[in-house]
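Take a look at the model, then work along step by step.

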Amino acid sequence: MNSIGTIPKFSQAADEASQSDIDTPFLEVRGIHKRFGGVHALRGVDLCINPGQIYHLMGENGCGKSTLIKIISGAQPADEGEIRINGEPVTSLDPLGALRAGIETVYQDLSLLPNLSVTENIALSEQLVAADGKLARSLDLGKLTETATRALKSVNLPTDKRFCSTEVAKLPIATRQLVAIARAIASDARLVIMDEPTAALTKREVDNLIEIVDQLRSRGVAVLFVTHKLDEVMSIGGHFIIMRDGEKVQEGDVADYQKTDLSFWMTGRKIDVVRYRTTEIGAENLLVVEGLKRRNAFADVSFSLAHGEIVGVTGLLDSGRNELARALAGVEPADGGSIVLDGKSLHLRRPVDAINEQIGYVPEDRLSEGLFLAKPIQSNIVAQILDDLRDKFGMISKIRSRKMAERLVKDLQIVVADLNNPVQSLSGGNQQRVLIGRGLTIAPKVFVLHGPTVGVDVGSKDTIFRIIQKLSSQGMGVIIVSDDLPELLQNCDRIIVMRRGRIVETFNAENLEENTLYQAMVAENSTGKQS
Amino acid sequence: MSDFTLDGINGGKGESQISRIASWMIRYPPIFTLLLIVIVCVVIGTISPEFWQISNIFDIARASVVTGLFGLGFLVVLAAGGIDMSFAAIAGLMMYWITTAVAAYAPWMPIPAIILLAALGGMVIGIGNGLLVHALKAPAMIVTIGTQYVIHGFLLTFIGTELFVNIPLSMENFGKVELMRVGAQSGSIAILPAYVLVLVVAAVVTWWILNRTLMGRAIFAVGGSADIAERLGYDHRKVQMFVFAYAGLLAGIAGVIHVASNRLANPFDLSGNELNVIAAVVLGGARITGGGGTVIGAVLGVILITLIDNVLILAGIPSTWQTFVIGCFIILAGALFANSSNR
Ligand SMILES: Nc1ncnc2c1ncn2[C@@H]1O[C@H](COP(=O)(O)OP(=O)(O)OP(=O)(O)O)[C@@H](O)[C@H]1O
Ligand SMILES: [Mg+2]
């Protein structure tokens with residue numbers, strides 16, 4: 001254990017830190033304030049990070065978690081407050097300064113450079129920091145590949161040349177998330193911050209991440225998670241910090257508390273894990289999918305959906321569930337099979353076909369497929385129904401747009417200061433609600449929700465689930481494509497499990513055990529039955 | 001193993017031959033440019049066999065030098081997400097200053113010193129561009145169109161559009177140095193001037209900067225997303241200064257080469273060349289929105305444009321059709337490469 005120079009030092013520091021509080025923490029922030037125009041996003045937050053410890057920063061959407069992270073990583077300056085690294089006060093922290101101090105961050109938006117290769121995204125930072133930000137340096141290509149390969153291995157991504165030289169923009173979102181994680185652990189970090197790193201990951205990848213975190217901790221590296229997933233917090237353990245409205249309201253050791261305690265502090269109210277499903281489903285079939293297929297994605301997919309029914313679709317990343325969702329929305333059309341809605345056979349070639357047939361869609365990746373980030377909230381909400389909003393002169397009616405947006409913002413309890421602000425000024429969870437709102441504007445008969453609560457806090461999840469249930473009670477058919485198993489169990493009538501592009505099992509969701517569902521997802525033999 | 005397979009993303013096996021070639025070209029845009037060059041050569045060569053002469057190739061090479069230098073500069077600025085519309089004006093200004101100043105005060109000055117002087121001068125104006133773009137936070141296109149007009153206005157006011165007649169001897173001689181001389185059957189002689197090496201050196205240096213230095217990667221990083229690059233510690237300001245300075249430097253050199261090769265020159269000769277250069281770089285596969293492009297692509301793009309400019313006439317195609325053909329190629333390139341940016 002003490003053959004490599006730096007490691008013993010770290011682990012020693014970690015031991016001392018846990019023995020006594022006299023030792024200086026790695027990072028200390030005090031009295032941080034941050035305002036965005038009228039929004040007081042952080043109101044005097046203190047935080048203390050010790051080496052070799054794990055921290056979970058939690059709180060409702062918009063409580064200021066990401067803002068705090070950006071300040072610690074030098075991406076945004078604080079308006080007030082003090083930052084100390086290794087006990088030394090830091091007057092102004094810029095991104096390079098944070099990296100030099102060993103603070104690595106996986107941002108909520110991943111902050112990958114879309115046009116650079118996987119290798120470059122992972123390993124360039126190391127050389128930039130070594131050059132102290134000076135750019136007149138030649139690249140060390142050998143080291144670039146070496147660092148990237150090592151990091152890719154630890155997140156279980158391929159290390160072949162073809163993958164390494166792929167532009168990040170061409171990768172699916174889950175892979176991008178893993179690349180961002182690989183970047184953070186590529187060099188000798190002292191603190192790794194991950195803002196909702198598991199949002200797009202499946203359970204297997206999450207397990208792998210937890211293993212990585214364990215290794216980091218044993219080397220004396222501190223890890224700060226920002227998360228909404230209470231189950232993950234409970235299973236990883238460590239220290240938790242809960243924020244509400246820009247202030248720290250509670251902190252402590254995860255082991256000393258229950259899940260319900262945490263969610264109580266986050267929301268200020270009690271939320272029980274309930275099964276939301278109440279509606280009786282209709283007798284007639286609303287949607288019948290027969291033998292649907294898309295090359296290299298899925299095949300032989302048949303299922304039906306009744307009026308008012310909620311069907312879940314789950315599976316691992318390569319199961320074809322994501323592609324199925326996109327095919328139902330006309331984003332990546334199926335190349336065979338039939339989709340019949342209300343007795344009418346549909347040909348969904350483009351997203352607009354699905355919109356015209358009143359199939360609503362909430363995409364999984366709100367950053368790249370979903371929202372016009374720099375455009376106003378209102379325009380984002382009404383983006384799919386512009387034709388309906390025209391007045392008699394063919395102009396988009398401002399008043400009707402506004403009414404529509406205001407109604408949905410109220411229904412979905414989206415926290416907005418002004419409908420004309422750009423969507424990117426909203427917190428992650430509120431952006432997600434804008435996306436759901438947009439899907440609802442077309443009055444869908446069938447609503448395809450692809451990861452509807454990714455990055456959404458427990459309180460808002462509750463809200464979104466209630467909305468989904470209400471919609472289904474009005475006769476809407478809902479398809480939830482997700483890898484959040486509790487979410488499916490709480491909301492669905494039936495759950496379809498896909499593996500390697502095929503449906504392998506269909507469960508009745510009532511009284512179904514999460515573990516049964518999970519086993520069906522990961523099972524290796526494909527001798528599944530269908531009901 | 002992981003859940004991830006590349007086949008799922010890139011379409012995988014079983015594609016038709018055509019779509020394979022198309023996706024190959026999307027991944028390596030210079031292939032497309034090369035293909036167009038081959039097509040143009042074959043078509044012209046079939047219509048008029050005298051196209052296949054060494055002198056024609058030398059002509060193309062000679063005519064590519066100035067456009068090529070501009071193209072390389074433009075590529076670098078474009079890669080960083082900027083646009084430079086002032087290179088021809090910078091070249092014109094340097095052409096005027098250096099030629100008249102050297103002729104009047106230092107006619108003994110050797111050519112390397114003259115080129116160095118022009119490069120430095122162009123660089124200073126380029127830095128001015130960079131400072132303005134950064135300080136005003138204005139779109140680079142607007143700022144550099146402004147610079148272009150200011151320089152033109154200055155030149156018009158002080159010298160008008162007269163030709164230089166008094167050219168320093170070292171410049172004149174430099175234009176005459178031969179790299180290669182080939183005698184054709186017809187008895188005429190084809191000469192490849194040595195200054196084509198300037199373009200070769202510039203291309204190699206640009207390639208090295210873009211692909212083998214941190215600055216090069218920072219240029220693409222900023223061009224891909226300036227916000228994200230800054231968050232990751234790249235110095236946006238430094239990158240901006242560098243790309244405009246570099247484009248200015250190449251423009252300055254291009255100005256001197258233009259005088260040396262033509263012996264008769266006027267500072268406005270190169271103006272109006274801007275769109276041609278942009279077309280060349282775009283045909284070479286660079287992304288007009290920034291963050292993409294290769295040196296080999298830009299050079300091939302320049303060769304393609306020069307080819308069309310110079311030899312269409314051989315095939316009996318009226319020169320008015322040159323612009324038409326270039327336009328069609330650009331639209332074709334646009335259609336092909338537009339699909340490369342999304343998934
Ligand atoms: N650039 C900005 N301009 C204006 N307001 C902003 C900006 N960035 C954040 N805010 C506001 O600051 C508050 C805190 O946002 P932040 O992104 O930190 O929330 P969060 O806790 O990360 O939420 P989530 O869990 O939804 O990601 C929100 O009200 C948000 O609207
Ligand atoms: Mg956030």
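**Exercise 1.** Into which classes do the residues of the lining of the largest cavity divide?

*Solution.* Start with the classes: Ala, Val, Leu, Ile, Met, Phe, Trp, Tyr, Cys and Pro count as nonpolar, Asp, Glu, Lys and Arg as charged, and the others, Gly among them, as polar. The lining then divides into five nonpolar, seven polar and six charged residues. Next, look at who is there: of the 18 lining residues, Lys229(A), Thr453(A), Val454(A), Gly455(A) and Asp484(A) lie nearest the centre of the cavity. A cavity here is a set of points, on a 1 Å grid over the protein atoms alone, where a 1.4 Å probe fits but cannot get out, and lining residues have an atom within 4 Å of a point. Finally, the volume, the space filled by probe spheres set on the points, is about 180 Å³.

The model is predicted: local features need pLDDT of at least 70, side-chain atom pairs count only at pLDDT 80 or more, and totals for chains, interfaces and linings use all residues. Residues are numbered from 1 along each chain as its sequence is written, chains are lettered from A and ligands numbered from 1 in the order in which they are written, and side-chain values use heavy atoms, leaving out hydrogens and water.

**Exercise 2.** What is the volume of the second largest cavity, and which residues line it?

*Solution.* The volume is about 100 Å³. The lining includes Ser73(A) and Tyr107(A), along with Arg231(B) and Leu232(B) from chain B. By class, five lining residues are nonpolar, three polar and three charged.

Key. On a 1 Å grid over the protein atoms alone, a cavity is a set of points where a 1.4 Å probe fits but cannot get out, and a pocket is an open set with protein on both sides within 12 Å along at least five of seven lines; lining residues have an atom within 4 Å of a point.
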